[in-house]
Amino acid sequence: MTAMGSAPPVSAELLARTRKVIAVHVNYPSRAAQRGRTPDQPSYFLKPPSSLALGSPDAPGTVERPAGCELLGYEGEIALVIGAPARRVSLQEAWNHVEWVTAGNDLGVYDLRHADKGSNLRSKGGDGFTPVGPSLIPAADVGPSAIRIRTWHNGELTQDDTTEDLLFPFAQLVADLSQLLTLETGDIILTGTPAGASVAQPGDVIEIEVTAGSYSSGRLTTRVMEGTTPFAAFGATPRTDDTQREEAYGSRQAAGLPPRQPALAPELRKRLGSVATATLSSQLRKRGLNNVTIDGLQATRSDRRVVGTARTLRFVPNREDLFDSHGGGFNAQKRAIDSVNDGEILVLEARGEKGAGTVGDVLALRAHVRGAAAIITDGGVRDLSAVADLDMPVYFANPHPAVLGRRHIPWETDGTIACGGTTVQPGDIIVADADGIVVIPPALAEEVADAGIEQEKEEEFIYEMVRQGKSVDGLFPMNAEWRAKYREWAAARNSEGPAGG
């Protein structure tokens with residue numbers, strides 16, 4: 001058996017015959033846990049062969065972080081090199097079609113993810129964005145479930161995992177891909193990255209090693225250089241936000257971002273959901289907050305009472321040169337829709353502009369599928385009949401057939417916005433019912449909920465007294481005499497218990 005570090009080197013000739021580089025999105029349980037989503041089936045994207053770079057055992061290779069980019073992500077991966085062509089092979093046969101195993105680095109710039117969402121062409125297809133090597137491990141001599149991958153960032157171990165419990169074993173990847181396309185000799189499959197992938201800065205050094213038994217790929221070493229040639233205005237240009245920073249670094253903490261507002265506790269959600277917005281509005285007014293309602297909107301489900309935490313999206317007025325750079329691809333609107341979480345309410349700032357839609361049936365459905373509690377926009381809605389058929393309520397200014405590009409540019413997610421005449425921040429608590437939409441600062445939610453429940457008990461008593469023919473004089477609001485009677489009434493009700501009355 002070949003000794004550690006003495007496997008044959010990856011050659012320029014081998015890379016020259018590579019016609020396809022196929023990468024798996026998520027395959028390690030540790031990465032799936034980090035991302036908060038576990039796929040049912042493998043999914044893939046292509047990297048061009050021109051992205052390949054030859055790993056040298058003697059000197060580090062280099063990769064350029066493009067000028068204007070902030071987030072060059074590295075991902076240590078096990079690379080499989082196909083030997084015998086594979087077409088419609090079985091799971092039992094699949095591993096026999098892999099000739100070599102080595103280390104790979106699936107580099108990419110998150111700043112360009114918006115440009116080709118799904119294909120990753122520009123974000124992960126740059127020259128030198130797929131270093132492999134430096135040495136080859138014979139696949140026939142190793143077990144595919146007993147391979148180790150490690151990554152060092154400036155000498156610090158950041159990734160360390162094995163193939164023992166992959167979501168999709170290597171044989172499954174080969175067999176699955178071969179169902180529809182021929183894996184040719186020299187093709188390379190990047191098999192996913194474990195948790196710990198992060199961002200490299202100019203001057204940083206990334207080292208990746210794959211080991212299996214006594215075999216080693218050697219350390220694939222890449223030094224990051226700063227690019228100097230800016231992007232031209234005729235194509236997609238770099239842009240990023242906190243969502244991309246969190247994805248690139250692996251967590252908000254690693255990216256140096258403040259923690260997200262905690263999800264609304266079920267018990268608090270239930271209490272707020274038991275109180276009418278009219279009551280909540282009056283409680284906020286008692287605390288000096290008068291401008292806390294989103295006004296002038298209609299609802300697809302006006303009979304619903306909705307409670308959730310705000311996620312925000314801001315549109316700015318359309319300017320053609322800016323729409324070219326911000327309006328297409330995986331823009332802020334699509335990022336907001338695609339990242340809204342269960343129980344959240346997506347609130348859109350459209351400046352009260354009624355001359356274009358801000359959301360339509362497909363994106364509203366996507367938000368609904370992701371568990372959004374509602375969408376609120378002070379602009380127009382397209383495809384109203386289909387949107388109204390969704391079980392998720394949508395609050396909007398008016399229907400309009402035009403696409404958003406007529407009047408809007410999707411600009412920013414998760415910032416402070418204005419909607420329907422009030423300010424909304426991410427994490428604010430939204431309560432909506434037939435009376436309207438109220439925005440509650442999280443710090444006041446508990447006391448407003450408790451006070452609102454008590455207020456509605458009092459109003460129930462007042463209503464009952466009026467129904468019995470009592471005058472509102474001294475009753476609404478209650479004077480001392482009526483308040484004493486209310487306390488007696490409330491005590492009697494409480495003594496009856498849940499089964500009473």
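Three strands make an open sheet, ordered 8-5-14, with antiparallel pairing. Its edges are strand 8 (108-109) and strand 14 (198-200), and each of these pairs on one side only. Strand 5 and strand 14 run antiparallel and are joined by three bridges. Within that pair, Leu72 has Ala200 of strand 14 as its bridge partner. Note that this is a predicted model.

Strand 11 covers residues 148-153. Is it mostly covered or mostly open? It is mostly covered, since five of its six residues are buried.

| Strands | Sense | Bridges | A residue pair |
|---|---|---|---|
| Strand 11 and strand 12 (residues 156-162) | antiparallel | six | Trp152 and Leu157 |
| Strand 11 and strand 15 (residues 205-212) | antiparallel | six | Arg148 and Thr211 |
| Strand 5 and strand 14 | antiparallel | three | Leu72 and Ala200 |

Strand 11 and strand 12 also form a hairpin, with two residues between them. Asn154 sits in that turn and has a positive phi of about 50°.

**The nonpolar cores**

The largest nonpolar core has 44 residues. Which residues have the most contacts inside it? They are Ile78 and Val101. Several elements each supply at least two residues of this core, including strand 1 (21-24), strand 6 (76-82), strand 7 (98-105) and helix 5 (170-178). Helix 5 gives the most, with six residues.

Look at Ile78 in the structure. Leaving aside neighbours within four places in sequence, Ile78 is in contact with residues including Val101, Ile147, Ile149, Phe170, Ile189 and Val210. Tyr28, Thr163 and Gly192 are also among its contacts.

Helix 8 spans residues 277-286. Its buried residues are Thr277, Thr279, Leu280, Gln283 and Leu284. Why are they on the same side of helix 8? Because they cover an arc of only 155° around the axis. On the other side of helix 8, Arg285 and Lys286 are exposed.

What covers the buried residues of helix 8? The cover includes helix 7 (266-273), strand 30 (429-433), strand 31 (436-440) and helix 13 (445-467). Gly288 follows helix 8, and its phi is positive, near 85°.

**Asp241 in its loop**

Asp241 lies in the loop between strand 17 (220-226) and helix 6 (242-249). Is Asp241 buried or exposed? Asp241 counts as buried because its relative accessibility is 11%, and the cut-off for buried is under 20%.

The side chain of Asp241 reaches two backbone nitrogens. That of Thr243 is at 3.1 Å. That of Gln244 lies 3.0 Å from a polar side-chain atom of Asp241. Not counting residues up to four places away in sequence, Asp241 touches Arg335 and Thr413.

**Cysteines**

A disulfide is a covalent bond between the sulfur atoms of two cysteines. How many disulfides does a search of the whole structure find? The search finds zero. Cys69 is buried, with a relative accessible area of 5%. Cys419 counts as buried too, at 0% relative accessibility.

Key:
Residues numbered from 1 in each chain as written. Predicted model: local features only at pLDDT ≥ 70, side-chain atom pairs only at ≥ 80, totals over all residues. Heavy atoms only, no water. Helix = DSSP H or I, 4+ residues; strand = E, 2+ residues; numbered from the N terminus. Buried < 20%, exposed > 50% of the residue type's maximum accessible area, 1.4 Å probe, protein only. Polar contact = N/O pair within 3.5 Å; in protein donor to acceptor, adjacent residues only side chain to side chain. Contact = heavy atoms within 4.5 Å. Pairing = 2+ DSSP bridges. Disulfide = S-S within 2.5 Å. Core = buried A, V, L, I, M, F, W, Y, C linked by side-chain atoms within 4.5 Å. Arc of directions from axis to C-beta.
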